[in-house]
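Please read this note with the model open beside it.

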Amino acid sequence: MPLTAQQLRQFAEEGYLFLPGCFSEEEVAILRDEAEQIYATNRQEVWREKTGAPRTAFAAHTYNEAFRLLGNHPRLIHPVEQLLGEQLYMPEPRAMNIAVFMDEVMPINGPLMLVPKSHKQGVLSAGHDLETTSYPLWTLDNATVTRLVEEGGIVAPTGKPGSVLMFHGNLVHGSAPNITPYPRRIVYLTLCAVSNYIRTPTRPEWIAHRDFTPIEPVADDALLNYARAAISKVAAE
């Protein structure tokens with residue numbers, strides 16, 4: 001799925017790309033099913049809110065086959081390699097964030113908001129917010145956010161399950177809580193250029209991986225075949 005010249009220009013200028021319908025409903029359905037199985041475990045990688053509700057499952061590609069296939073999928077890997085100009089692994093801004101929608105993301109259920117062009121500002125001074133969530137978030141002060149929004153505005157891409165959002169590692173982003181009854185599960189991947197490997201690890205390996213081997217993409221139909229095999233197995237039982 002090579003990016004067009006127009007998409008390359010958009011990413012350079014705005015800092016993000018939105019690719020609706022990147023994955024089929026069959027492919028997304030198996031990810032939803034296996035995400036629920038992961039949330040039901042007591043793994044250290046599954047972080048929960050104070051209520052016990054699961055918030056984030058880190059490093060799912062290291063212990064789940066469906067998410068391993070997603071993390072090595074050519075529809076994600078090849079466009080990012082095209083943008084960064086070299087191979088990837090899971091001090092320069094040579095990282096890409098990818099959001100794969102597992103549910104429909106709507107204006108009402110807490111879509112991810114992006115500030116276009118903010119990636120051109122480099123690394124911004126930020127602090128940790130420990131009050132609003134069980135997972136510490138990097139936050140910017142109101143004056144900085146106001147200035148950036150006045151320059152670039154705010155966009156909140158929405159779309160059906162299987163849509164993909166790619167955005168620069170320095171692009172300012174955030175989301176409001178989802179207080180609707182409509183789920184908004186998203187798979188996030190952070191891919192980095194091999195040349196930009198971590199020099200001094202400070203976080204657990206299941207958050208910041210230390211295997212810098214270039215990713216070898218799987219076949220384009222690998223996730224689809226896995227989904228169909230899982231359905232066949234259930235039908236045979």
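The points below cover the basis of the model, its nonpolar cores, some helices and strands, and its salt bridges.

1. Basis. This is a predicted model, in which local features need pLDDT of at least 70 and side-chain atom pairs count only at pLDDT 80 or more, while totals for chains, interfaces and linings use all residues. Residues are numbered from 1 along each chain as its sequence is written, and side-chain values use heavy atoms, with hydrogens and water left out.

2. The largest core. A nonpolar core is a set of buried Ala, Val, Leu, Ile, Met, Phe, Trp, Tyr and Cys residues joined through side-chain atoms within 4.5 Å. Buried means under 20% relative accessible area, exposed means over 50%, and partly exposed lies in between (1.4 Å probe, protein chains only). The largest core has 38 residues, and those touching the most other members are Phe23, Phe67, Leu70, Leu76, Ile98, Val100 and Val164. Elements giving two or more residues to this core include β1 (16–19), α2 (25–39), α3 (65–71) and α6 (222–236). The largest contribution, 6 residues, comes from α2. Helices (H or I, at least four residues) and strands (E, at least two) are DSSP runs, numbered from the N terminus. In soluble globular proteins, nonpolar side chains tend to be buried together.

3. Phe23 and a second core. With neighbours within four places in sequence set aside, the contacts of Phe23 (heavy atoms within 4.5 Å) include Val28, Leu70, Leu76, Val100, Val164 and Leu223. There is also a second, separate core of 10 residues, with Ala99, Val105, Leu112 and Leu114 among them.

4. Helix α6. Its buried residues include Ala222, Leu223, Leu224 and Ala227. The buried residues of α6 pack against α2 and α3. The length can be checked too: the expected span of a helix is 1.5 Å times one less than its number of residues. For the 15 residues of α6 this gives 21 Å, and the end C-alpha atoms are 21 Å apart, which agrees.

5. Strands. Two strands pair if DSSP finds at least two bridges between them. Strands β5 and β11 run antiparallel and are joined by 7 bridges, with Met96 opposite Leu191 in β11. In β11, 6 of the 8 residues are buried. Strands β2 (residues 46–48) and β3 (residues 54–57) are also antiparallel, with 3 bridges, and Val46 stands opposite Ala57 in β3. These two strands form a hairpin with 5 residues between them, and Gly52 in the turn has a positive phi of about 95°.

6. Salt bridges. A salt bridge is a side-chain nitrogen of Lys or Arg within 4 Å of a carboxyl oxygen of Asp or Glu. The structure holds 13 of them. In one, the closest N and O atoms of Glu45 and Arg43 are 3.1 Å apart. Glu45 counts as buried because its relative accessibility is 8%, while Arg43, at 34%, is partly exposed.
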